Every structure is written in C-alpha cells, then in structure tokens.
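Me: Can you walk me through this model? I'll ask as we go.

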Amino acid sequence: MEESEDVPKDFIKLKSEKLSVDEVSELVVSPSCGAVSLFIGTTRNNFKGRKVIRLEYEAYSSMAETEIKKICRYVRQKWPSVKHIAVHHRLGLNFKKRKNGRKKPMSGGLIYSKVWNSNICVVPITEASVIIAVSSPHRVESLEAVTYCINTLKASVPIWKKEIYEDEYSWKENKECFWANSEK
Amino acid sequence: HFPRCPGSRDRRDVSVLYFARSAELAGLRCETLSVPREITSLQLWEEIVKVHPRLAVIRDQVVFAVRQEYVLLGDQVLVLQPGDEVAIIPPISGG
C-alpha cells in the first residue's frame, strides 16, 4: 500500500443487509496502526418479560449520515492520532412502492409492508444493529473514540427502533436522547 | 402556475417529514405544507397539529429538525425558505 493511500477516512454506511464485523474491521485496518477498537450493538430477545419477535428500523437517512459525519469530525479533533473510523448501522424504511401489492421476501432483510406501501427493514433478534470500528497507532485513542462514537450516536443520530412483541409493539427511546420523556 | 391566495407572500411551502410514532399518528410520511415564512418553532408545531390533531399527544416528546439541525419546540424564530425540510423527530433509538 502506498503511503499516500493511507489518508484518514470515515466509512459511514446505513444498510438493510446484515452487518459484517469482518468487513467493518478490515475497512479501518492500517499499516500505521497498532490498534483497532470495535463496538457491536446487538439486540435482545426480551423486554420487561415480553418476547421480542423482531425489530423494525427507520431512519432520517440524510440527516443520520450528516450527524455521524459530525461525530467523526469531533473524534478527529479530540483524538488526532485516530486513523480510520467506520460506522455501519442497520436501518430500514425506504419508499419503494410495489405495484402489485404482493408480500415479497427481499434480500437484505427487507419485507413489504402493506401499511406503508413500502419496504421496511426487519432485523432478527441477536443480529447486530450497529458496528463501529476505529483504528489508531496506540490503543488508548481508539478505545476512547469508539466509546464516544456509540454514546453520541445514541444521543443524536435520527434512527428509530421498533420492537414487535407477540401482541403489541413499542418504539424504543434511548435514555441518551435529551428531549425524551424519561418516565418511559 | 396557479394564482396565489391573498396574504401568501408571507408564507412558504415546506416539506414536512414524519418519522416513527409521528408518522403513525399523522398517517403519512411526508407532505408539503404552507406555513408563515417567519415563525417560532412552537407556532410551527401548532400549525402542523391543526392539520394532524392526533399529533398533539406527542408534543412533549418531539423536537424538529429544520434543514437537518435540531430545534426544540419553543420561542426560537425560524426563517423558512421554499422547499425547506422540516422533520418531526420523536425520541431516537439508534445504536
């Protein structure tokens, strides 16, 4: 690899397909870095005793990318030795319309929703909802940067998760969200 | 081009985006609304609730994103341009 090709990069992806830890780690590996720190957010199969059947995600995609870019900018300011940052988040809703209205299992975890006449991303339990990887020459910076990334993502990136139970559903609310009603 | 209504010089067409619970309550994901060009964020909320009264129940839980910047519901004065995106943002749950 040429020296000039190893410029610091941010890799931001919102996708409906299953996330890959290998893919995300490989994005940030660098010859100048002795450390790659990783965070994987997974999903639990129960909430307050109720069984979670599946999750549905929704995002304000353009703003979510912008907010994640802001996080990356701050990371580089605070930890200048950080080399590469990768943030991959699973998400769902897009507005493709199906003319025939038939339910069609799509690749990448998309199913057709009659309610919205569009595709939604369905994520099975225990699959990763987010993977964050940061590389740096020494481990302290990438470990701190990854922590900062996930904490700030939960506070500021416009992505929503809906838990579907057997008989009802619930829109989740991060406690980090500064405008949320805390009594939930 | 259709003729404008009297008094519409001070109004602007904005794209309102609804997400998560707010989309369920409003029954749609996006629409164009004509709102006053200069308006506080709280007044903007009230304009939107006039169109979708069911949204009133989440008033204490939402913020706006105007041109993709968060704005609390309150006295902040917004100056809106035609085509500006105004999103209703319920409590987030990314990550």
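Me: What does the side chain of A:S156 reach at 2.8 Å?
Reply: The backbone oxygen of A:T152. That is a polar contact (N or O atoms within 3.5 Å; within protein, one able to donate a hydrogen and the other to accept it, with residues adjacent in sequence counted only if both atoms are side-chain atoms). This is a predicted model, where local features need pLDDT of at least 70 and side-chain atom pairs pLDDT 80 or more, while totals for chains, interfaces and linings use all residues. Residues are numbered from 1 along each chain as its sequence is written, chains are lettered from A and ligands numbered from 1 in the order written, and side-chain values use heavy atoms, without hydrogens and water.

Me: Is A:S156 buried or exposed?
Reply: A:S156 is buried, at 13% relative accessibility. Buried means under 20% relative accessible area, exposed over 50%, partly exposed in between (1.4 Å probe, protein chains only). The residue is in helix α3 of chain A; helices (H or I, at least four residues) and strands (E, at least two) are DSSP runs, numbered from the N terminus.

Me: And what does A:S156 touch, not counting residues up to four places away in sequence?
Reply: A:E67, A:I71, B:Y70 and B:I92. Contact means heavy atoms within 4.5 Å.

Me: Switching topic. Which residues does UniProt list for "binding site"?
Reply: The unreviewed entry lists A:H138, A:R139, A:K154, A:K161, A:K162 and A:E163. They span 26 residues in sequence and the farthest two C-alpha atoms are 38.5 Å apart, so they do not all gather at one spot. UniProt positions are in the numbering used here, feature names are shortened, and annotations may be inferred rather than shown by experiment.

Me: Where is A:H138?
Reply: In the loop between β8 (130-136) and α3 (139-156) of chain A. A:H138 is exposed, with a relative accessible area of 58%.

Me: And A:E163, buried or exposed?
Reply: Buried, at 7%. A:E163 lies in strand β9 (residues 159-165) of chain A, and its side chain makes a polar contact of 2.6 Å with that of A:Y165. Leaving aside neighbours within four places in sequence, its contacts include A:F47, A:R54 and A:Y169.

Me: How does β9(A) pair with β4(A)?
Reply: In the antiparallel sense, over 7 bridges. Two strands pair if DSSP finds at least two bridges between them. A:E56 stands opposite A:K162 in β9(A), and A:K162 is one of the residues in the UniProt list.

Me: What about β3 in chain A?
Reply: Strand β3 (residues 46-47) runs antiparallel to β4(A), joined by 2 bridges. A:F47 stands opposite A:R50. The hairpin has 2 residues between the strands, and A:K48 takes a positive phi near 50 degrees.

Me: Which residues touch the most other members of the largest nonpolar core?
Reply: A:V75 and A:I132, out of 28 residues. A nonpolar core is a set of buried Ala, Val, Leu, Ile, Met, Phe, Trp, Tyr and Cys residues joined through side-chain atoms within 4.5 Å. Apart from it lies another core of 23 residues, among them B:L33 and B:V86.

Me: Over to chain B. What is the strand order in the open sheet?
Reply: The 5 strands run β2-β1-β7-β4-β5, with mixed pairing. β2 (30-36) and β5 (69-71) stand at the edges with a single partner strand each, so one side of each has no neighbour in the sheet.
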